[in-house]
Each structure stands twice: as C-alpha cells, then as structure tokens.
Amino acid sequence: MALGTFNANGLFYTTYNPTQLNQKSFSNMILRLFPNGSAPLFALTGEAGRKKAKASEHGYFTKHFAIVRPKVNGAIAVVGTTTITLDATTGLVPGMVLQVPSTRENIRILTVVDATDITVTRSFGSVTGSDIDDNEDLILVGNAQTEASLRPTERSMASAYVPNYTSIIRNAWALSDTARASLAEAGFNNVAENKMDCMAFHSTDIETQMIWGQPVAPAVDATSGKLIHATQGFIDAMNQYASGNIQTAAATTNYSELVDLVDPAFSYSTSKDAMGRKERVAFVDNIAMKVLHDIGMNSADVNMTIESTTFGMEFTNFRTYKGTIRLLEHPILTEMGNATTGTMLIFDLPTVSVAYLDGRDIKKEEYDGSGDSTGSGIDAVGGSLTSEFATEFHSPPTCGIVNGLTAYGA
C-alpha cells in the first residue's frame, strides 16, 4: 500500500493493519509518517487569530487609510487663476494646503465647488506660483486655518463591509468493535490511531478551506434539501479585493525580480517588528523554496575555512528594502504537486482571523462505548469532529501571492 492512501470504505477493520503491526514485539516501534516541511499541515489555522462568530452569515468590516491624491485636469496659467480643475475633489476640504511638486508652490483651498473644481489662494507661502501643467500630481501639505475659525468640514474614511459565511467542516472516525478490542495486549490502541487520523483530516480540511475556499451564501443543497454555505479562502479574497498584489514570475527569477514580485504586499502595513520593519509570513511549496534558496545562495557571499565541517545555507527569512518575509514550506502546498508548484502565499498575519460559532470550535461527538448512552446500532465504535467557522481577511492589500517560482535565473 502506498504512503498517504485512503481507506476506501471509511470503516476501519482488523484486516487494514499490516501483518507486522499485529505482532506484540512491534507494539513500541510504530512510526507515523506525515509530509515534511518547515510548517505543520495546518500552519495557517494555527497562526491566525481566533474570534467568535454570531451567525452563519459572518460578514466583517475593514478600513484602509485613504491618502488624498489630487491630479490637475488641464493646464493652469499663473496669472489671475483662482479656480483649479482636478480629476476629482474626493477627500478635499476647505483649508487644506496642496503643493505643486514641480514648482514647490503651495496653494490653499478656499472652497470645494463641486466634484472637480476648487477655488484657491495661489502662492500660499514663500514660493511664488507659476504655470501648472496638465496631469500634475499635487501633494497634500496638511491644512491651515484662521484664528477663531469655525469647526472645519468633517472627514472620515469609509468602512467596507465584506460579506462572508461560515463553513461546516465534519470528519468522522469509526472502527469495528473487534478492531477496537484487538491489539490491546500489544500496548497499541486502534481507537487512538483512528482518532488521530480523523483529527489530521479535520485540521487539513480547515486549512485547505482557509486557502482555497470560496464564499457560498446559504442555499438549498440539491441532494439533501438542507441549507449549505461556505466561507471565503485567502486566494479568492486576494482575487476579489487585491488582484494587483497577485504576481506571476517569469520562467526564471533572480533577486531583483523577486523583490519586484513581493513589493505589492508591502505597499501598506499593519504589522511591524520592534525596529519598525514591516513583517510578513510566506508559505511556499518545496519548488518555490528551492528557488528562494538558489536566489539566496547566488545573492550572498558564502565563505568557508579549513576548519569548517558543515557547508551549505538554510534560509528562513527574505529581507528587502521594504521589510522581512519569514519563509515556511507548507506541506499541503508541496503535496498538491503540479497544482501548486512554485506558489508563494504572503500573509500579514495580524489581519487574518478565524471566527467560530459558539460551541463549534472542533465539537467532539462519540457513540457506542462513550459512556453517554448514545449508540448507532452498529457493532462498532466511532465519533465525529465538527467545526463551523468563517474566515476574516481584513487587509488583502497588505498580503500577496506569487505564482510560478519554478527556476532560478541570473
């Protein structure tokens, strides 16, 4: 039997044990083999924040700081011009001071006339004004109010509502009562083994939902006639809210190209270390990790001496002029094979949360032999794990995805 295969029936019988496993002398030599990597199978689930959901519809609010970026629409002569037309006046209020970068002239807004026009005081400062070119980007330089001024026009940033729903993840374990009673003298418990399998499946299902899930509003399931709904995963959230942060590498990638690929994830920031540097965590598959290793080896000087007894490098962080990315190989990405080859998922972890409904954060149920008088009428023991949760990705613009990291190239 190949490693990592499934029990096609789902119910564990005594015949499913390898012959050698039934020998008493083997009872203390059992090894469980899981995919290798620098992160556990459910790394994202473990590192995300935990919250409580109140209902199956679990939308959430997110807000990002808005920068005023006015752009001139049409060339403006300096003489006698007190009305300036912009592409849009969104976010502008009277009293604000704008600077023309090319001439360093400051202009003060007197009134916001409409959606595109403002009236201004030119040469508001030590620099005398001159002609302003079309499409000139202006810089906001705070605001200047008069003495005994009235309360200025209110400003606020809009909160965006992100609709989302819970997913119900269920996994079961079951084995015949004969299998339960077997091997007890050998010191090995089939029940514990079967429960561990169920826990691994359950955790992995939650993890994959968090990465690849797509939101499904409550709807009637065609087979059962019952309601079904699902939560949004990271990749879908990125495609919906920050598609510009999804990059694809060329056939080969070097250091400078890698910096350009991860740059969008650092445009904004919510998390920083003690030195003020921006921090991210990247989960990658083994191919992408090898490419990152090759880039590191070819971008650094490695010196060895005659006393060295170890050679090679292990890179756990990638540092750019924008910040630091902690690198972790994710076993699930690796085990998916060609579907995820060269994948790099960049997370701003403080912005990622999992919200569980009350009492459904891995709810455990057992039957037959559990001592709670429940039963299934089957000569077997078993149980199930149920989790109902919704994901929250509060800031996709501070995260990123890089696809196609398959080969290093100088």
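**A guided reading of the predicted model**

The side chains of E388 and T166 are joined by a polar contact of 2.7 Å. E388 belongs to strand β19, which covers residues 380-393. Is E388 buried or exposed? Its relative accessibility is 6%, and because buried means under 20% relative accessible area, E388 counts as buried. A further polar contact, of 2.6 Å, runs from the side chain of E388 to the side chain of R360. Leaving aside residues up to four places away in sequence, the residues that E388 touches include S56, H229, A355 and Y356, together with T166 and R360.

Before the reader goes further, the confidence of the prediction deserves attention. The protein has a mean pLDDT of 83, and 85% of its residues reach 70 or more. Over residues 22-33, however, the pLDDT is below 50, and this stretch has 14 contacts in the model beyond near neighbours in sequence. Where pLDDT is low, the predicted coordinates should not be read in detail.

The next topic is charge. Side chains of opposite charge can pair when their charged atoms come close. In the whole structure, a search finds 12 salt bridges. One of them links R50 and D361, whose closest N and O atoms are 2.6 Å apart. R50 lies in strand β1 (residues 49-53), whereas D361 lies in the loop between β17 (352-357) and β18 (363-367), so this pair ties together parts that are 311 residues apart in sequence. D361 is partly exposed, with a relative accessible area of 33%.

Another salt bridge is formed by the side chains of R280 and D348, at 3.9 Å from N to O. Here R280 is in strand β13 (residues 278-284) and D348 is in the loop between β16 (344-347) and β17; the pair therefore ties together parts that are 68 residues apart in sequence. Both R280 and D348 are buried. A salt bridge also connects E365 and K363, with the closest N and O atoms 3.7 Å apart. Each of these two residues is partly exposed: the relative accessible area is 31% for E365 and 34% for K363. Through salt bridges that share partners, R170, K363 and E365 are joined into one network.

Aromatic rings provide another set of links. How many aromatic pairs does the model contain? The count comes to five. One of these pairs is formed by F234 and F347; the pair is tilted, with 4.0 Å centre to centre and 35° between the planes. F234 lies in helix α4 (residues 234-241) and F347 in strand β16, so the pair links distant parts of the chain, 113 residues apart. Both of these phenylalanines are buried. They are also members of one aromatic cluster, which is made up of F234, F283, F347 and F393.

The last stop is a run of paired strands. Strand β4 (residues 96-100) and strand β5 (residues 105-112) run antiparallel and are joined by four bridges. Within this pairing, L98 stands opposite I107 in β5. The hairpin of β4 and β5 has four residues between the strands, and in it R104 takes a positive phi near 65°. Strand β5 also pairs with strand β6 (residues 117-121), again in the antiparallel sense and over four bridges. The bridge partner of R108 in β6 is T121, and a hairpin of four residues joins β5 to β6. In a regular strand the side chains alternate between the two faces of the sheet.

Technical notes. Residues are numbered from 1 along each chain as its sequence is written. This is a predicted model: local features need pLDDT of at least 70, side-chain atom pairs count only at pLDDT 80 or more; totals for chains, interfaces and linings use all residues. Side-chain values use heavy atoms; hydrogens and water are left out. A salt bridge is a side-chain nitrogen of Lys or Arg within 4 Å of a carboxyl oxygen of Asp or Glu. Helices (H or I, at least four residues) and strands (E, at least two) are DSSP runs, numbered from the N terminus. Buried means under 20% relative accessible area, exposed over 50%, partly exposed in between (1.4 Å probe, protein chains only). pLDDT is the predictor's confidence in each residue, from 0 to 100. Contact means heavy atoms within 4.5 Å. Rings of Phe, Tyr and Trp (its six-membered ring) pair if their centres lie within 6.5 Å; planes under 30 degrees apart count as stacked, over 60 as edge-to-face and the rest as tilted. A polar contact is a pair of N or O atoms within 3.5 Å; within protein, one must be able to donate a hydrogen and the other to accept it, and residues adjacent in sequence count only if both atoms are side-chain atoms. Two strands pair if DSSP finds at least two bridges between them.
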